[in-house]
Amino acid sequence: MKTGIVDVGGGFRGIYAAGVFDFCLEQGIRFDLVAGVSAGSANAVSYLAGQMGRNYRFYTEYAFRKEYIGAKNVLTKGSYIDLDYVYGTLSASAGECPLDYQALMDNPAELLVVATNALTGSAKFFDKSDLKQDNYDICKASSAIPFVCRPYEINWMPYYDGALSDPVPVEKAFACGCGKVVVVLTRPADTARAPGRDPFFASRIQRRYPFAAQKLRTRAQRYNEGVALAKKYAAEGRALLISPDSTCGLNTLTRDKEALIQFYQKGRRDARAIVDFLG
């Protein structure tokens, strides 16, 4: 039976899913399809490259650097988070923490990276064919949080965070032929997502990207619907939801090292349920 895993991302809360993936690598658990949304794309590629602990370093070490995130980036890069630093400077073959591109490509598992077309608001599903050595632009596109980051262009097309268009791509995983799917959330499964600052950020991009702005305004609703669908599949025995019992006080861009480490450990512990689910 073809198996899949979906990482919905969540900014720095993505360290929870990094713990889930590191547990899977440690236990030799493999999936036939790995889908990542936003920060989940970074976890996905490191997992497929077999690099246990790689993303832990990004969350607990590199994220605290001014080059990674900060007001100066807005002036020099047009984005609060410098995605080129994250997926370029650090991740390139000559970088401080290179992604093992060859191992990633040699892994037979499928990769899906979800981004949102900023012009149309539609979901774009990138795969390994969109990757090249030292060119991880699809992860930059998937992680470009509206207003916090400028949209990231691939082939002259601007993209925003994949969570706008398909925040919980469990349906896509089944459409790709999976019989069982693990869905990794980075907030409690029984806590509905509220719009939060989405309407404000949507107003900031409304003039240039009206369709993406509309998707941002309704993102919380789509996320909640996606979780409800995943729960339905779970009741049928086709899906497993891995989610924390709390967020340890972490929001999308919270940088609290102690809380991040605690959240990572939660992910490792909660991932044990995958063993029984996959049988």
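Me: As I understand it, a pocket is an open set of grid points with protein on both sides within 12 Å along at least five of seven lines, and its lining residues have an atom within 4 Å of a point. Which residues line the second largest pocket?

Reply: Happy to walk you through it, keeping in mind that this is a predicted model. The lining of the second largest pocket is made up of Gly78, Phe147, Cys149, Arg150, Pro151, Glu153, Tyr160, Arg204, Ile205, Arg208 and Tyr209. The space in this pocket comes to about 210 Å³.

Me: How many of those lining residues are nonpolar, polar or charged?

Reply: Sorting a lining by class is a handy next step. For the second largest pocket you get six nonpolar residues, one polar and four charged.

Me: What is the volume of the largest pocket, and which residues lie nearest its centre?

Reply: Its volume is about 610 Å³. The lining has 28 residues, and those nearest the centre are Arg13, Arg187, Arg193, Arg219 and Thr252. Two elements each give two or more residues to this lining: helix H9 (198-205) and helix H11 (219-235). By class, the lining of the largest pocket holds twelve nonpolar, nine polar and seven charged residues.

Me: What surrounds the largest cavity?

Reply: That cavity has a volume of about 310 Å³. It is lined by 25 residues, with Ala39, Tyr68, Val86, Tyr87 and Ser143 the closest to its centre. Helix H2 (39-48), helix H3 (54-60) and helix H5 (83-89) are the elements that give two or more residues to the lining. H3 supplies the largest share, four residues.

Me: Into which classes do the residues of that lining divide?

Reply: You will find 18 nonpolar residues there, along with six polar and one charged.

Me: And which residues line the second largest cavity?

Reply: Look for Lys77, Ser79, Ile81, Asp82, Leu83, Asp84, Arg150 and Tyr152. The volume of this second cavity is about 60 Å³. Its lining has three nonpolar residues, one polar and four charged.

Note on methods:
Residues numbered from 1 in each chain as written. Predicted model: local features only at pLDDT ≥ 70, side-chain atom pairs only at ≥ 80, totals over all residues. Heavy atoms only, no water. 1 Å grid on protein atoms, 1.4 Å probe; cavity = no way out; pocket = protein on both sides within 12 Å on 5 of 7 lines; lining within 4 Å. Points joined across faces, edges and corners; volume = space filled by probe spheres on them. Nonpolar A, V, L, I, M, F, W, Y, C, P; charged D, E, K, R; others polar.
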